[in-house]
Every structure is written in structure tokens, then in C-alpha cells.
Amino acid sequence: MKKAQSTLVLMALASSSAAFAVTDFDTLDKDGSGTLSPLEASADAELMSQFTKLDTDKNNELSKSEYDKA
């Protein structure tokens, strides 16, 4: 029983933390360019799933203002 409870707790934590993986722009901007490339954005699955929609100027990068709309 204790193992089942531990498993459920770990699953809940994993699913909640996955939704809020890496969400800080500066943390994602590994090269310090002030924009996020698809490679940098791929560290956050949720952000990556929205990348094309958020890239409103279609330059294949997310600016801070585009990122803030996520």
C-alpha cells in the first residue's frame, strides 16, 4: 500500500512539474542572444508545442515579448 501511495505522489509531482518545466526566458536563452531558438525552446515541451503560434514575426525565434504571450 505504501509503495502505491508513493507512486501516486511521484506521478502527481511529475505531471505538475512537467507543465511548469523550464519557463524562465533568461534560463532558456542559453546563448544570451535575447531570443529563443527552437533548440532552446525545446527544453520546455509546452513552449515548444506553441512555438510556431507564438513566433508572430515568423523569424523562427521567440523574442521576449513573443515569449511573454505564452
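K64 sits in helix α5; helices here are DSSP runs of H or I with at least four residues, numbered from the N terminus. This is a predicted model, where local features need pLDDT of at least 70, side-chain atom pairs count only at pLDDT 80 or more, and totals for chains, interfaces and linings use all residues. Residues are numbered from 1 along each chain as its sequence is written, and side-chain values use heavy atoms, with hydrogens and water left out.

K64 has 39% relative accessibility and counts as partly exposed (buried is under 20% relative accessible area, exposed over 50%, partly exposed in between, with a 1.4 Å probe and protein chains only). Leaving aside residues up to four places away in sequence, K64 touches F25 and G34, contact being heavy atoms within 4.5 Å.

Now F25. How many aromatic pairs does a search of the whole structure find? One. Ring centres of F25 and Y67 are 5.3 Å apart and the planes stand at 65°, so this pair is edge-to-face (rings of Phe, Tyr and Trp, its six-membered ring, pair with centres within 6.5 Å; planes under 30 degrees apart are stacked, over 60 edge-to-face, the rest tilted). F25 is in helix α2, residues 25-28, and Y67 in helix α5, residues 64-67, so the pair ties together parts 42 residues apart in sequence. F25 is buried at 4% relative accessible area, and Y67 is buried at 11%.

Last, D44, in the loop between α3 (38-41) and α4 (45-54).

Technical notes:
Helices (H or I, at least four residues) and strands (E, at least two) are DSSP runs, numbered from the N terminus.
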